[in-house]
Amino acid sequence: MDTQFTRRELGVAAGATALGMSAASSRDIMQTAQAQTQAPRSTAPEFPKGFFWGVATASYQIEGAPDADGKGKSIWDVYAHTPGKMKNGDTGDVAIDHYRRHKEDVASMKDIGANAYRFSISWPRVFPDGAGQPNPNGLDFYKRLVDELLAAGIEPFHTLYHWDLPQTLQEKGGWQSRDTAKAFGDYASYVAKNLGDRVRHFFTLNEFQNFVDMGHRGVSLTVQGKPVNIELAPGLKLEQGALNQVAHHAVLAHGLGVQAIRASGNKGTKVGPAEVLFAAVPLIDTPETVKAAETATRELNARFLDPMLSGTYTDAYLKAAGADAPKFTDEDMRAIASPLDFVGVNIYVVKSYVVASDQAPGYRQVPMSVSHPKMFSSWHTFAPEVLYWGPRLVNSIWQPKEIYITENGCAAADTMSAEGRVDDADRVMYLRNVMTQLQRATAEGVPVKGNFVWSAFDNLEWTDGYGTRFGMIYVDFQTQQRTPKLSAAWFREAARQNAVV
Ligand code: BGC
């Protein structure tokens with residue numbers, strides 16, 4: 001079979017020349033865009049009207065420009081320059097140079113059919129020391145970015161904290177200090193005051209469980225029988241009591257952030273967290289197994305989602321923690337449980353499979369077999385049904401008003417062919433499967449309003465560096481040339497049809 005793509009296969013839209021793509025592929029793309037617009041719909045069931053087909057990124061992973069316009073250092077600027085921490089010594093100093101290329105990047109996102117973009121604000125760009133004197137020049141970058149997005153018809157979704165804590169705050173105790181939660185509230189208030197006219201959706205913090213545990217102790221998993229160790233900045237090794245207190249300060253920051261946005265943002269501004277969901281998936285769809293999965297999922301999220309949504313720490317968590325339980329006040333709990341407009345959940349993996357059990361606590365965790373299939377990242381077991389069960393369980397346990405899937409996606413061993421194409425068929429397979437499961441959840445009435453693919457662009461995959469590519473748009477890190485992959489063509493058509501194609 002001919003290995004060349006037909007025009008239809010490489011379905012990415014106009015504007016390609018502006019993106020610095022080769023003339024031949026740009027011509028293909030323009031013609032394909034036209035073919036797609038005229039094409040009939042498939043018979044695939046649709047997502048609800050107005051569903052957001054989004055893409056996601058985070059500041060340290062894409063921006064570069066670590067000192068531009070008065071930015072302060074973040075814990076990632078320091079950590080990534082610590083010898084031995086990052087694969088191949090990679091850092092975010094340049095990343096994909098998004099700080100300077102954001103116009104081009106917004107155009108690329110528009111071209112691949114995204115109608116929503118979730119990105120994070122770098123806290124030390126806005127408050128170089130984390131608190132005190134703001135830096136309006138830093139915030140201006142995000143104003144320019146948002147204006148560009150709005151002009152392109154892409155809905156901006158802000159994340160206030162995607163792990164790049166100002167280094168000055170780290171030196172004062174970081175998340176071990178309650179003052180960091182307070183500083184987060186002040187930062188949220190400043191951003192809401194200055195961007196609330198343009199941005200309608202705010203996420204507070206990204207993946208509480210991961211930045212708390214991986215950043216303050218390190219996490220060890222076993223995947224397909226092999227050990228996987230993950231660490232994030234600041235790379236501490238805290239005892240359990242101190243770790244639980246860090247967790248408490250993180251949810252307290254969320255609560256203070258929600259209150260600050262309500263007080264300072266525009267009327268109608270919506271806010272919620274973007275937590276990684278630790279989902280316990282029932283292995284059989286029977287009422288008792290689903291109930292077991294609900295009990296297990298609530299417990300697996302007992303330090304983060306559950307207090308945000310129920311206003312308490314579960315008895316089981318406090319009892320198991322004993323003397324290591326976090327210290328908190330009733331007022332803290334009231335702030336943490338501030339009413340939300342939506343819940344954002346990042347969903348990549350099943351945390352645990354479960355069946356019902358007669359014995360306490362009412363479920364049995366079923367270990368994953370060493371033969372369980374996986375995607376390219378060391379930790380990424382392939383379990384597409386979690387995109388059905390995750391939102392369904394969030395809905396039945398906590399009944400939020402709205403749900404966003406704030407991240408799903410996969411890394412792949414992407415390479416550029418001699419013809420300049422990136423054939424990420426495994427990513428297309430992944431997206432089709434997870435989005436089919438998500439569509440099932442929406443068809444059953446689970447109020448999922450949108451999905452954000454991680455990621456729009458290849459970027460710095462934290463300690464794994466630049467070799468682990470998650471983007472639907474390929475980035476040549478030497479030339480900074482962007483090239484939509486095959487998955488971008490799939491995404492564009494799926495977004496156009498509002499269905500899994
Ligand atoms: C994080 C992203 C990360 C992605 C893939 C999520 O844990 O929010 O920053 O790059 O997963 O690992």
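A polar side-chain atom of Glu-207 sits 2.6 Å from an oxygen atom of the ligand, a polar contact in the sense of a pair of N or O atoms within 3.5 Å (within protein, one must be able to donate a hydrogen and the other to accept it, and residues adjacent in sequence count only if both atoms are side-chain atoms). Taken alone, the ligand exposes 310 Å², and the protein buries 94% of that; accessible areas come from the Shrake-Rupley method with a 1.4 Å probe, and for residues only the protein chains shown count as cover.

A word on the ground rules: this is a predicted model, in which local features need pLDDT of at least 70 and side-chain atom pairs count only at pLDDT 80 or more, while totals for chains, interfaces and linings use all residues. Residues are numbered from 1 along each chain as its sequence is written, and side-chain values use heavy atoms, with hydrogens and water left out.

## Around the ligand

| Residue | Distance from its polar side-chain atom to a ligand oxygen |
|---|---|
| Glu-207 | 2.6 Å |
| Glu-461 | 2.5 Å |
| Trp-462 | 2.9 Å |

There are 13 residues around the ligand, and Gln-61, His-162, Glu-207, Glu-407 and Glu-461 come nearest. A residue is near a molecule or strand if one of its heavy atoms lies within 4 Å of it. By class, this shell has six nonpolar, four polar and three charged residues. Ala, Val, Leu, Ile, Met, Phe, Trp, Tyr, Cys and Pro count as nonpolar, Asp, Glu, Lys and Arg as charged, and the others, Gly among them, as polar.

## Strands side by side

Strands (E, at least two residues) and helices (H or I, at least four) are DSSP runs, numbered from the N terminus. Two strands pair if DSSP finds at least two bridges between them.

β13 runs parallel to β1 (residues 52-56), joined by five bridges, and parallel to β12 (residues 403-408), joined by four. Gly-450 of β13 stands opposite Phe-52 and is also the bridge partner of Tyr-404. Trp-53 has Asn-451 in β13 as its bridge partner.

In β1, five of its five residues are buried. Phe-52, Gly-54 and Ala-56 point one way, and Trp-53 and Val-55 the other. In a regular strand the side chains alternate between the two faces of the sheet. β1 also pairs in the parallel sense with β2 (residues 116-120) over three bridges, and Gly-54 has Ala-116 in β2 as its bridge partner.

## A helix residue and some backbone details

Thr-289 lies in helix α11 (residues 287-300) and counts as buried because its relative accessibility is 5%. Not counting residues up to four places away in sequence, Thr-289 touches Pro-282, Leu-283, Ile-284, Val-354, Val-355 and Ala-356, where contact means heavy atoms within 4.5 Å.

Which peptide bond with omega near 5° is cis? The bond from Ala-360 to Pro-361, and Pro-361 is in the loop between β10 (352-356) and β11 (363-366). Trp-454 and Ser-455 are also joined by a cis peptide bond, with omega about 15°; Ser-455 is found in the loop between β13 and β14 (473-475).

Asp-69, although not a glycine, has a positive phi of about 50°. Asp-69 is in the loop between α2 (59-62) and α3 (75-80), and counts as partly exposed at 41% relative accessibility. Asn-498, not a glycine either, has a positive phi of about 55°. Asn-498 is found in the segment after α17 (486-497) and counts as buried at 12% relative accessibility.

Technical notes:
Buried means under 20% relative accessible area, exposed over 50%, partly exposed in between (1.4 Å probe, protein chains only).
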